[in-house]
Amino acid sequence: MTNLSQAASPDPSAPANTVEHVAHVETPIGLVVVIARDGRITRLLWGRETSDYTPTEETELLREAARQLVDYFDGKRTRFDLPLELSSSPFERQVQEKMLAIPYGETRTYGDIAKELDTYGQPVGQACGANGIPIIVPCHRVLSATGLGGFSGAGGVETKIQLLKHEGGFPFLL
């Protein structure tokens, strides 16, 4: 299920001379690419971007990330326990921390998070869209006040619906 192998990453945001490790994990939403650098998960992506990332040397962190993703999709895990490299933007980091605090099977609105951070819903939505570690940092659990809102992961809102159904987190979708 998991295909792991060390290479310099094609990620233009990675610091020069940094080795990123890449794992491919088969999931119900398709092939997921997990990227780690310096002992932390830095990105998770799927869809057409996956062809840009060749699996690299196997690491314990990537093996654990793959195990946790498989367990999540098998319904055996409701929370991830992995070292993460959250955004370097202080505001985006705050939003990511709020997303990480949303329990499995529950949702919040952009406005809920905005109130907690004393800001507006739109910048919270933008920060959710900038989340580079979707699923693990559960941006799919953040909705608009009037519906689903957007989703920047591959497959867009359809993937968001699939993840919410998986968690039972949006009752009228069930």
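I began with glutamine 96, which lies in helix α2. The model I am reading is a predicted one. I looked up the accessibility of glutamine 96: at 3% relative accessibility it counts as buried, because the cut-off for buried is under 20%. I then listed what glutamine 96 touches, leaving out residues up to four places away in sequence, and got Leu86, Ser87, Asn131, Gly132 and Val137.

**Overall layout**

I stepped back to the protein chain, which has five helices and seven strands. I read their order along the sequence as β-β-β-β-β-α-α-β-α-α-β-α. The chain has 174 residues, and 47% of them count as buried. I noted an accessible surface of about 8600 Å² for the protein chain, with 47% of that surface belonging to carbon and sulfur atoms.

**Helix α4**

I turned to α4, which covers residues 121-129. Which of its residues are buried? I found Val124, Ala127 and Cys128. Seen down the axis of α4, these buried residues fall within an arc of 100°, so they line one face of the helix. On the face turned away from that buried side I found the exposed residues Gln122 and Gln126. I also checked what covers the buried residues of α4, and the cover includes α2 (90-100), α3 (110-117) and β7 (142-143).

**α2 against α4**

Two packed helices are described by the angle between their axes and the distance between the axes. For α2 and α4 I noted an angle of about 80°, with the axes 9 Å apart. That angle makes α2 roughly perpendicular to α4. On the α2 side, the contact is made by Phe91, Glu92, Val95 and Met99. On the α4 side I listed Pro123, Val124, Ala127 and Cys128. I sorted the residues of this contact into seven nonpolar, no polar and one charged.

**α3 against α4**

Tyr110, Ile113 and Ala114 of α3 make the contact with Gly121, Val124, Gly125 and Cys128 of α4. The residues of this contact divide into five nonpolar, two polar and no charged.

I then looked at burial in α3 and found Tyr110, Ile113, Ala114 and Leu117 buried. They cover an arc of only 105° around the axis, which puts them on the same side of α3. What do the buried residues of α3 pack against? I listed α2, β6 (108-109), α4, β7 and α5. Just after α3, I noted that aspartate 118 takes a positive phi of about 55°.

**Phenylalanine 151**

My last entry is on phenylalanine 151, found in the loop between β7 and α5 (156-167). Is phenylalanine 151 buried or exposed? At 13% relative accessibility, phenylalanine 151 counts as buried, since the cut-off is under 20%. Cysteine 128 is one of the buried residues of α4. Leaving aside neighbours within four places in sequence, I found phenylalanine 151 in contact with Trp46, Cys139, His140, Gly156, Val157, Thr159, Lys160 and Leu163.

How values were computed. Residues numbered from 1 in each chain as written. Predicted model: local features only at pLDDT ≥ 70, side-chain atom pairs only at ≥ 80, totals over all residues. Heavy atoms only, no water. Helix = DSSP H or I, 4+ residues; strand = E, 2+ residues; numbered from the N terminus. Buried < 20%, exposed > 50% of the residue type's maximum accessible area, 1.4 Å probe, protein only. Areas by Shrake-Rupley, 256 points an atom, 1.4 Å probe, with all protein chains shown as cover. Arc of directions from axis to C-beta. Contact = heavy atoms within 4.5 Å. Axes fitted to C-alpha atoms, helices over the stretch in contact; angles between N-to-C directions. Parallel < 35°, antiparallel > 145°, perpendicular 65-115°, else oblique. Nonpolar A, V, L, I, M, F, W, Y, C, P; charged D, E, K, R; others polar.
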